[in-house]
Every structure is written in C-alpha cells, then in structure tokens.
Amino acid sequence: MKKIAKTKLQELWQRLSAEGALHLPVRSDRVVEFVRWQEDVSADLDALNAFLPPKKYFYPQTETVLKYQFEDTLQLTDVSSLAGEKTILFGVRPCDAAAFSLMDKVYLGEPVDEAYRRRRESTVVIALGCLEPEETCFCLAFDIDPGKAPGADLLAADTGTELVFIAQSSKGEELLAKLNGVLQEATSGDENKVKDAQERAREKYVTRVSVHGLAEKLDTFFDSVYWDRLYRRCIACGTCTYLCPTCHCFDLQEYAAGRSGERIRCWDACMFPDFTQMAGGHNPRPTQKERVRQRFMHKLNYFPRQHGGEYACVGCGRCVRQCPVHLDILEVIREMGGAVDGR
Amino acid sequence: MSTANGKIRSSAAEALAEGRVTLVLGWRKKDFWWQSPVAFVESAAEAEQLTFDPFSVYNPVKYLLEAAGCHEKVGVFVKGCDSRGINRLLQDKRLEREQVLIFGLPCSGMVDPVKIRAAFPAPKICEVARDGEELLVRLSDGQERVQTADFLLEKCLTCRHPNPVVYDRLLWERVPVRSGVDALRFARVSSVAQQQIQERYAYWTRQFSRCIRCFACRNTCPACNCRSCIFDQAEPRWLGKASDMSDTLNYQITRAFHVAGRCFECGECERICPAGIPLQELNRRLIMDIDKYFGPYEAGLAPGDLPPLGTYRGEDPAGFDES
Amino acid sequence: MRRTGVFICWCGSNIAATVDIDLAVAAAKKMPGVVFADQNKYTCSEIGQEMIREAIRTHRLERVVVAACSPRMHENTFRKTVAAAGLNPYFLEIANIREQCSWVHKDKETATDKAIALIRTAVAKAARNEALFASELPIERRALVIGGGIAGIQAALDIAENGFVVDLVEKEPSIGGRMAQLDKTFPTLDCSACILTPKMVEVAQSEKITIFSYAEVEKVEGYVGNFTVTVRSRARSVDMGKCTGCGDCMLKCPVKVDSEFDLGLIKRRAIYTPFPQAVPNKPAIDRENCRWFTAGKCRVCEKVCPAGAIDYSQEDELRTEKYGAIVVATGFDPKKLDNYGEYAYGKHPDVLTSLEFERLLNASGPTGGKILRPSNGRPPKNVAFIQCVGSRDKAKGNPYCAKVCCMYTAKHAILLCEKVPGARPFVFYIDVRTPGKDYEEFYNRAYEEFGATYIKGNVSKVFPDGEKLLVRSVDALSGALVELEVDMVVLANSVDARAGAKELAQKLSITTNAYNFFNEAHPKLRPVETHTAGIFLAGTCQGPKDIPETVAQASAAAVKVAALLGKDSLLSNPTVAEVNEKLCTGDMSCLAVCPYGAISEKMLEERRGRETVRRKVAEVNMALCQGCGACTVACRPGAINLKGFTNEQIMAEVEAICL
Amino acid sequence: MPVTREGFEPLIVAFCCNWCSYAGADLAGTSRQTYPSNVRVIRVPCSGRVNPGFIIRAFQRGADGVLVAGCHPGDCHYHSGNYHARRRFTILKQMLDYLGIEPERFQVRWISGSEGAKFSAVMNELTENVRKLGPNRKLRDAR
C-alpha cells in the first residue's frame, strides 16, 4: 500500500506514462472523457462518469480484424495478433471496473477474442474509489461497493488530500513496485482512512432499486403488455448502448477497395432498426417495441441466465442521465417490481 | 406553474373526454427533478399526470409521425419551437393539419439542469419550479430562489419564436421575445468563422472526435423524418459504419446538408448530444449562408412554401467562383 | 460480380501512341469481375465489333466495357453491337481514353495510369448496370400551332400538307400577325398583304386546319405525342355560324377606340375586325369598350345585323384536345418607348415608331398610303430615321440587335423617296448590318439610287421646334456635332418578346432566355426544337428575325412535327427516374425540383401486420421524365434513383476512380 | 493514384454534365488542349445529378480536389439542374470552409460544350492549386 498527495499527481502521471500509454479522465469542452495523458493535460478526478465508459480500451468502437488482398491468390492478414499496446488506465470508477468483469465473460469466454484478450492483458487498470454519489448512481443495487473495485489491478482510494494505492493483482503489484520514487509508503493510519472513506461512501450511496429475483420474474415477462407502452418514447438512438459500460454488441463490415480490403468490427446498437435487418429483407425485430424489449431483457434476464445470475448493468447511471427521452433502466426495473427506494 | 398545469390537464382531459382526440402528447414528471419526458395520454384520467415545468423541453412533435398513423386525431402541446416542428412536418407532407389538435404554450424558456447542478449540490435538489420570473429550488435542507434567466438552456437564449406559430388554442398569454436574441443567434458561429482555417479544423475535429454515431441528433430532429435514412442503407453505403473522423465528417456534413433550409432551430440535436458536440452551430452556419445567398428565410413558419434548397432563382449568387 | 469483358481500342495511333495498350489490357484482366480483356486497332470497325460479339458468346460475358473514344461518339454503335450478341444494350459502358486521356496527355506513363483508372471505373459501373428497356408510347396525330402570324400560318399549312390535322390558335380576332401590318417587304419591295393574304385564305380553306381566333392556350399537360391542351376561346359576342361578315355592324357601332392594328393612328369600332382582309372575316365585340357591356345600353349592332348573329350572352369557351406536337409561333412586340423620352415620342405627333410609319405607307392604312405628317397632314420633306432605339443598349434597352431595323429602314428610306418627291431621308445608325441575300445591294440602293444620307452616330436628343423637329447627334466619323431640322422622326424601336411569353413558357414547360425569347434546344443543331420533346419553335418568339427566316423556321418546325406524327409510336428514353417505394417518404421533395412535371403523388396500399395502411409515395411518369436526376439529390433518403446513373453506379465509379 | 515522380501529384475527380462540360472535355481532347492527367472525369447527366455524397466519398477515398462542372446558368439542358446545383454547392462549399476543410479543393464551374479551351484551363488551374495545397488528409479515410 502506497500513497501520494493529490498536489503531486503531475509527477505520478509523468512516471506512469513512462510505463505505458497513460489514459485518464480529462474535461474538455462540455464533457469528461478518457484521453491519453500529455504534459499539459490535467486529470479530472471529481467527475464520476466519463462520457464514454473505458470499455473502449478493450473493445474499441471501430477495429480492423482482418485485411485481405487478391492477387493471384487470396492473402489474409490477421491483425488481431497486433493488438495490445502497453496501457495504463487511471481513474476507472468501481462501476466501470465491475463492467470489465462482465465484458470478460463475453470476450474471454470461449471462443476467446484474441484482440480483446491482448488488450486486456497489456493494460493495467487503476480504479479510483468514489466518495460522493451522483444522483443517478445506483451501483449498490448490483452489490458494487463505490469505494472498492476488486477487479482492478490497483485501487486508488481517495482519502481527501491523498490517493492511497492498493495492489489487487500481480500486474498491480508490479506497477506499484516501479512507482517507488514517486509514491510514499502508506501507514496503517492511511489504511484506516481508506476504510473510513469507503464506509462513508457506502453510507451515502443509495440502492434506489432492488434487482433481487428480477431475472426469474422476467422469465415470463417477454409477452407483457408493458412493452407495448414503454417503447413509444424511444427514438431509437444509440445513446444508451454506446454509453453503457456493459453493452458489447458489434457489427462486421467489409471495406472493399478494388482487389483488397478490410473487415471491420464496430459497435452496433440493438436500438437501431438495421441491427437485426437481414440481407433478404426480413427483420425479426420489426418495430422499436421488440428492440427496447431486447435491450432490457438482455440486461436483466438473458445475460444473468447465461452468466451465473449476474446482471448486465453496473448502475453507473449514464443511460439515466443521458437518454434523451428519459427511458432508463431505473424506471424499467421499478416497473417490473424491483423498487426499494425512489427518492 | 400550477395554473399552467391546471390548464393543460383540463384541456387534455376535455379533448379526450369529448372524443375530439384519442391521444394527447404532453409531458409528465419522472423520478428526478430534471426529468420531464414526453407523456402519451389516452384518457381523461391519465391527463392528470401532465405537467409543464422548466424541464418540459423535449419536442413531442417527432412522435406525431407514428402517432398520427395510429390515431384519427392527436392532441399535442407545443412550445414555440415545437410548433415550428409541426410546420416542418406539414411542409414535408408528413402530417396533415387536421390530424392534430394543437394546444399552444407560449414559453419563456426551459431550464438547463447542468446550470442548476453547477449552482447547487445535485443530490440535495428535490424540485425546481417556476415562480414568476424566478425559479424556486427546493433542496433537501431548505429552498432558494434564483433568477430564471441565469439558468436557461442556451438554445432558449437565442429563441426568436417563443410563442407557438401554429395552434388551435393558445393556453395562456403570449410572452415577449427575449431582448438581444438576434445578436446572440449567430454569435458562436461568427466567433468560429473568424478563426483561421486550421483553427476551425482543429476545433471541429476535436468536437467531432467525440461523436459516437449514436444518431441521437438525427433521431430527435423533426426535420429528419425520412422513413429510411440514407445512413442506414447498405447499398450504396453512403456512410461507413467505422467511426473514424472521415466518416464522422461525412455524417455531420450530410446531416447538416439534409436539414439545410429546413432546420427550424429547436436546438434539440445539440442539447441531447451525449458528447456535447455544438451541432446547432453548424446548423446555424447553414442558416446564415442561406440568408446571405438566397435571401432571409426562417424554416417552420410557412408550411406552404418551398424550402430554399427545393427552389431557385435565376439570379441567385453563387458561393463559389462561377467564372 | 458480373462476367465482364474489356475491349481496349488503339484508335490507330490516336490512343496507342500515348497509352500502353498491353499494360492496360494486363491491368484490366486483374480488375474485379473481368474475365476477358483484349485490344483492337479499331474497335468501331466491323472486325472490332465482331471481336466483341464473339467474346460475349465464347466467354459468356454479362457486361462489356469498351475503352475507346468518347461515349458521345460511339456509345450507340457499341450498344447495338452488344445487343446483336444478345445482351441488353445498357450492359455496355465506355471508358473515354481518347478525348479525355490520350489526346490531352503527353506522358505515356501517367496517361496509361489514367487510362487504367478510367477502365477500372467503367468496369465498376458496368457491374452495377441493369437491363433497361425503352417503352413504346402512342402518338396523337394532331398538331397545335400557337400564334397565327406568318410563322404559325406557314407551320400550319406545311403540317397540313403532310396530312395531319392542325389547330391554329390566335389571340386576336384574325390571323395575320405582324406581317399583316407591314406595307412592303425588303429586299424585293413586294406587297406584304399580297403575299400574306393568299396564305391566310389557304389556312381558312384547308380541311385539315381549324382556326381558333380570339383564343388563348389556358393549360398544357402531358408529354410528347400526348399533350392535353385546354384552349380558351374568348366570347366574341358574335355567332360565327350566323355571321356573314357583311360589316354593317362595324359601320353603325357608335363607339370608337384606337385601332390596335393601326397603332392608334386611326379609330376602330367596339365591334370590329382588325383589318379588312381579316381571316376569319367576322367581327368580335370588344367588351371592354362596348357600350352595352360598359353602360348597359345601345345594342345597335344587334339591331342592324341582318343575320341575327350578335349574341351578347356568349361566354368564354374552354376546349380540351389532345395533340401529339405543338408549334409555338407567338411572335414579338415592338419595344415600348416609355424609357426614351429624349426622342420626344408621344410628345410630338411627328415622332413615329417604324411600325407606325409602316402603316402610313400602307394603302389601307390611316392615310391611304400617303406619307403625311400627323401634326399637319402635309407630306414631310426631311425625315430622320433613328436606328437601334432600345437595341444594342445595355443601359436601358435590349443588349441584342433587333436584326430587322437596318433593312426596313433602308426600305422606308426608299419608299419615302418614291412616295414624296424631293423628300430626304437621314438615317442615324451605329452600324448598318445587312447580312442576307440581296440585302447589302438593297441598302446600297437606298443611298446610291435614292440619296439617303447615313450618319454614323447616336442621336442624343430630339427637340420639338415649332413645326419642326431638331435632331441632335454627333457624326462619329468626323466627330462633328450634327444638328438637323426635320419634319418627321422615325424610331427603329427594338424587338421585344411578346408580352406574356414567360407565362406561356411556364405553361408549356419550356424555357426562355433573359429577354423572354423561347430557348431552342441547341443554338446550332436543334434550332427549332425546345428542351421539351414535342414542342417546337417558329419565328420571332425564339428571337428577332425577318420574314424569310421566320418562314424557313416555320417550315422546319413543320417537318419536325410531321416526322414525329408520322411515327407509329415513340420509344421512351429508358434512363429515367425510378422510385423505390419502400424508401420513399412521400415528402415530394423530388416533385419540387422536377422541371418536367414528371413526378406525381400516388397512394400506396401496403400490409402492416394485419392491417392495410395507405401511404403517399412519389411516382414517375416515364414519358415525361427526361433523366436529369435533379430529383435524386433532392431526395434525402435516396428513394428516387436515376436508371443508368444510379447512386450505386456513381458511388462505385467514385470509389474505383480514386483507387 | 497518378504516378508520383517527385513530390505530390494530386488526384482530381471531375463530375461533368453530359451536355455541356463533358462535351467541353471532349472538345479539349479533339483540339488537343492538354491538361494534367491528374484529372479524371465521371460523366453525369447534369450537375443537378451530383449528390454531395459523391463529392464527400471522393474526398474520403483519396481525391485531393473535386470539380463539379455543368452548363452555364440559363443553358442547362434540363432547364434548371444547374440552378439547383448552384444552391446546393454554394451551401456545401461554405460548410466545408466553416469546418476548416480547404474550400479550394472543391470547385464548381460552368463549362459549355464549346469551351474546350476553358475546360483545359480550369483543369490546369485546379490541379496547380490543389498541388499547392498538398494532399487532402482532412476528409480522407485512413484505410
């Protein structure tokens, strides 16, 4: 366990960036987003939700998966084996860190996605514990402790004036060991401060909804008339899915240029009408109703059914805040009978 | 605002009870103080949930595209900006005037939750309500009064038509146009336009670098009312799915071009953009050019005429070297 | 992928000297879809074409790309070639590697590179070419001629001569037009009426021609071979069936108004024929001036009419008829001189326009053919003729030359000298323009034989000076100030397009130039056609011209009409717009930009779930569509496409050309 | 791409209307009015047929300059296609400029069928101007 005064963070960034490409949350224009650190950039450690979740580092919005060329014969280049630059991701919030574990279930389960695995393994995730919740935070509903991030390689706990670093994996320990010159040894007093901060944070956070037994309840919810009314407000944009740290659907596109080309994988959203559009013209989800239902059923029923009961939601609240028409998962969970406290 | 709510509830209830309409589009309150999404009200009883508060900002007009197909006649509450959206749909032949019963709501501006949050600790805010010229901010530990004008959405500060331009009934007195609107309207555009070309490029690519192609800007826009958008078509693929700057520029240029002369400045594209891209600046730049080259034109005012890019004059000047 | 064959032409050395053909053939063989590529010295030769046909058969080619000269040169040739081998002619694409490559580039390496790119582009487009079929359209074997002047008369006679039925619509109560107002014609000085009236009579007597006088075109719909035209015949208040044309009514009518035909130099009655030789020679009541219609009393004409032909209750009659072709021959208006106060026109009675002077010359004109000063009824001695009044005048008139003034002024000078012994014509001119058979000679006669004085110079002002008129000018050749005392001034006022030409153009969907003269389809090669198929032009409605030119153009238009009406059917251009109803929003942006009125709304019924719903979509009339493609860009969702130049094809070309 | 010898050789894509500008390009050929081989022509029926999407795609795929050429105003074979084009491209060009994309890369010219010399002159001028600007990297896709 080591620590650093918040006033000395520039030194830390300097040091970390020597160990790999350092990315951290930065405020620019109207939003906070994860960007690569440079000399003149200062991190925003107050904002909870970066506009895009850090899933983009393992699962980029657009990536080339294959290159091909026809000369006399077809030549293929598998570019996934090239993925994975040494990266340090600082400031990942516990909810987003928890989302990595969910994403791992998809991309590191069989068949393993090679590019994802390489990126995941070459990245050190430094989580940053939360102190004060945003009004839209509901991580507690999914048993995510706002002060802890067990899946991260390192946890940076905010004790007010200092950040205390706790290694949680061998990758984390390795990195921590390299930061000796910059970080100070933490004391047992610091350990207590961390515990206190985590406790206080936990008290400030509200669960908002309960998802207990929700997946089971939804087994028979597919044909509910609830969906007939819910979807009407949806404008079929991709805000909720693209901003969601756990949404992970993609589309494969060919980019042909004469006798050569690339195959590209890019994010896709189940809210888009063409998401399930088939070449022959048939669309198994013909209206927005089916699409909206798919999104919530996937998060709250299909995913937990496939992955040991874990919901595909971490309560980050991005969709609650950003959905242009306020059609958010809080409302859906509550309507399905999962309410404990609204405000 | 309670009298306003009374008026909209009774108007909606009456129209539904009398069978003049079978659906009314308005707004209702949701969990958070800043959430007033569009409500679909189908009975007089449901009309009780309707509300018009400082956050009833979303334009309900876009929903008419589908609603008008399923209902004989739809009631709709519109602010000034929303009402121009109705004219947009009328001009685009996407709606017939007799398909809608329009309740006009003169609007002195909607409130920006971001500005409220900047002034008050968000978790403590319980309600923000209008009280004359002031906003009453009710907090978990007390309440405060602030000047509404300081907390308005940016788009409302440049609104030239706060009063509905098309309606069957106006629910209350007209409100004055904010002073200084015309000076503000193109201020952001002009400041960018005055930069050097490389700076402009840097500025826009920085903005667009955040575009995640969620299409919220398109989908919320009443001017984007095609049955099938070209961006969604596979052959030819007008827009690559890859999210790189080239295709993001392609998307943004084409989107702006398709609403050129048709954008009625509701500013919803910019307001709801999750990436905070100043889209209204681009739209307004096109409006400036249309005014300059083809004569002053405001969309969404006269549904009977042709939009500027649907017509021409022989003596039009060209925005390029015609030699 | 389509099995594509590429045929690269040397065009002798025209291409082969600049483009490395072997390299291009090798490159073509590697292009997507290409299964055959070869070269030929002259692909357009029979040997070259046979190579294509043979390759189509042996290599089962589905698309053919010919890399050779411009498609404007041989596209049709090769379309026929591929069609002869059983392919749809529109499966052919041309790569223009001569006009747009070998002839404009010198460096062989880069030219070859570009030729390959152009071939690649054509191959990419061809892969997306679809079979297109021309459809057959029926033809209505009846022609409409709008305007009954010499142009309309000649066109109607020639069309009738070819055996087709013609309706001739004339705005005035009689046909005859401007030529009927003229006294003599240059350069032969034969009497205008003497050569015109027989033709007018011939029209009246033709079994094939129906005259609709006092009538105007109200509405035009349809397309080549199938126009539907509504003509409004104005209420004449005279029953044409009963009227014998005796003229008693015109003698007794108490109302006198300025005669349009005689330009107000004399009066006519409210019931009138424009001139004695009118065809039809039956009067019309000018209701705006008739006492019965304006004051509710009189009815003198009714009382005196021996045939009982007066019918005050007549109403305008609308008649709708189908036509296969239309000739527009609506003529011109002499320029109004409101802007030319400096010439004292309207201020002094002895300042006349040339057409007014023409009426003075005419035996049936106001003076019985004597040239007399309107001010005092005495013959003038010195007469100034001012040229280019409102012509070649960018400042306040027409920038163009009115073409006929120099010649008719020479005529006026000659006739003045002939009719008024001792009279002296003075002609103020900018340039004297006399191109035309016997024209220069005629002009020479004016000053050599008749002593007309030609002064090069603009007249700055005409001052009334007691009984006389003072003309002030500068002799541009000597620089000397000229001040001339004359008895009469004749202004050669310019030729304007007929009032209402713009509105008629809109009805007909034809275009006008900036001065409202109708546009021909091509100034050189399609001088009598308009851009709208089936509508032709004759005479001065297209631009200033003299009588021989007018008659020649009228006959030309008639031949075009006859050629069209003589066909069994028309083949439509298959490269027309097409609506993808699935994508169509129905906002009709396409309709707004269509110059041909080829797009209309259509209600579509379609199943949505269990319901049948109706929605509006656009529909293209293939016969009206000319294939410009403006609609395809106006259509935001890309629902309307242009066959032969589809979005898919052009996008493929763009991508291939940039490789 | 055209063969690069020394320095940068721009690629110019020219959309030419069939009736005027394509004929003008042919006439340039017939009268041997040379211009750089950097220019490649796509034939369209009318300047009013040119979708801004085609222009953007050309830039995306590597064009360094794009020209739309049509009949002179008033001379459109289809009455009004070039008038619509003029409005559309006025807007497009201003927008490119506003976004910081060199507007000089996109040109609209009116070239009649009798203006072979003009076609050639415009192509020489455009190629030279774009060569000076350097390669289009702003709209070009990275692939």
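Chain B and chain D meet through 49 residues of chain B and 38 residues of chain D, where contact means heavy atoms within 4.5 Å. This is a predicted model, in which local features need pLDDT of at least 70, side-chain atom pairs count only at pLDDT 80 or more, and totals for chains, interfaces and linings use all residues. Residues are numbered from 1 along each chain as its sequence is written, chains are lettered from A in the order in which they are written, and side-chain values use heavy atoms, without hydrogens and water.

**Area between chain B and chain D**
- The buried area, meaning the accessible area (1.4 Å probe) that two parts lose on being put together, summed over both, is about 3,800 Å², and carbon and sulfur atoms give 61% of this area.
- On the chain B side, B:I253, B:F257 and B:F320 lose the most area to chain D, together 18% of what that side buries.

**Charged pairs**
- Four salt bridges are counted between chain B and chain D; a salt bridge is a side-chain nitrogen of Lys or Arg within 4 Å of a carboxyl oxygen of Asp or Glu.
- The side chains of B:R200 and D:D97 form a salt bridge, at 2.8 Å from N to O.

**Nonpolar core**
- The largest nonpolar core has 259 residues, and C:I119 and D:F15 have the most contacts inside it.
- Such a core is a set of buried (under 20% relative accessible area, 1.4 Å probe, protein chains only) Ala, Val, Leu, Ile, Met, Phe, Trp, Tyr and Cys residues joined through side-chain atoms within 4.5 Å.
- Among the residues that D:F15 touches are C:I650, C:V654 and D:I42.

Technical notes. Buried < 20%, exposed > 50% of the residue type's maximum accessible area, 1.4 Å probe, protein only. Lists of a residue's contacts leave out its neighbours within four places in sequence.
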